[in-house]
Amino acid sequence: MNLKIQAQDLPLTDGLRQHLAARLAHALKHGRDVVTRIVVRLSEVDGPRGGKDGCCGIEVRRKGAPALIVEDIQSDLYLAIDRTSKRIGRALDRHLTRRRDFPMRSATRQQPLTEETPCSALPTDR
């Protein structure tokens, strides 16, 4: 699993990096085998009342599936990281549950008829 952290317009301290790594490790513990890459984007945005709010966006890349992307904005960056990591963990758990409950659809499809298909294999109307 490859973790990449991008901090825009704010210092990326060791405490922030450790907090983020701990939260992601806990939230994504069920899907470690399917996650190939995690990209975290941290930034500060102008809040509705003129102050700075922390923005955390997490993108999780998985084997053979589209990426999961979650973003959250809070007044405290640590709170935004907490909420975003919980949400991405739940989204990954939902994906894994669906994949387990609904296996590949191609295995249940009927095979197309070919010239080599014997007549006895064709359905009859009786």
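View 1. Helices are DSSP runs of H or I with at least four residues, strands are E runs of at least two, and both are numbered from the N terminus. This is a predicted model, so to speak of local features we ask for pLDDT of at least 70, and side-chain atom pairs count only at pLDDT 80 or more, while totals for chains, interfaces and linings use all residues. Residues are numbered from 1 along each chain as its sequence is written, and side-chain values use heavy atoms, with hydrogens and water left out.

**View 2. The buried side of H1.** Turn to Leu 16, His 19, Leu 20, Leu 24 and Ala 27, which are buried in H1. They sit on the same side of H1 because they cover an arc of only 125 degrees around the axis, taking the directions from the helix axis to the C-beta atoms.

**View 3. The largest nonpolar core.** This core has 23 residues, and Leu 24, Ile 38, Val 40, Leu 42, Ile 58, Val 60 and Ile 88 have the most contacts inside it. A nonpolar core is a set of buried Ala, Val, Leu, Ile, Met, Phe, Trp, Tyr and Cys residues joined through side-chain atoms within 4.5 Å. Helices H1 (14–27) and H2 (77–101) and strands S2 (35–46), S3 (52–62) and S4 (65–74) each supply at least two of its residues, with H2 giving the most, at 7.

**View 4. Around Val 40.** Leaving out residues up to four places away in sequence, Val 40 touches Leu 3, Lys 4, Ile 5, Gln 6, Leu 20, Leu 24, Cys 56, Gly 57 and Ile 58; a contact is heavy atoms within 4.5 Å.

**View 5. His 95 and its partner.** His 95 is found in helix H2 and is buried, at a relative accessible area of 19%. Its side chain joins that of Arg 62 through a polar contact of 2.7 Å, meaning a pair of N or O atoms within 3.5 Å, where within protein one must be able to donate a hydrogen and the other to accept it, and residues adjacent in sequence count only if both atoms are side-chain atoms.

View 6. Asp 9 lies in the loop between strand S1 (2–8) and H1. Though not a glycine, Asp 9 has a positive phi of about 60 degrees.

Terms used
Buried < 20%, exposed > 50% of the residue type's maximum accessible area, 1.4 Å probe, protein only.
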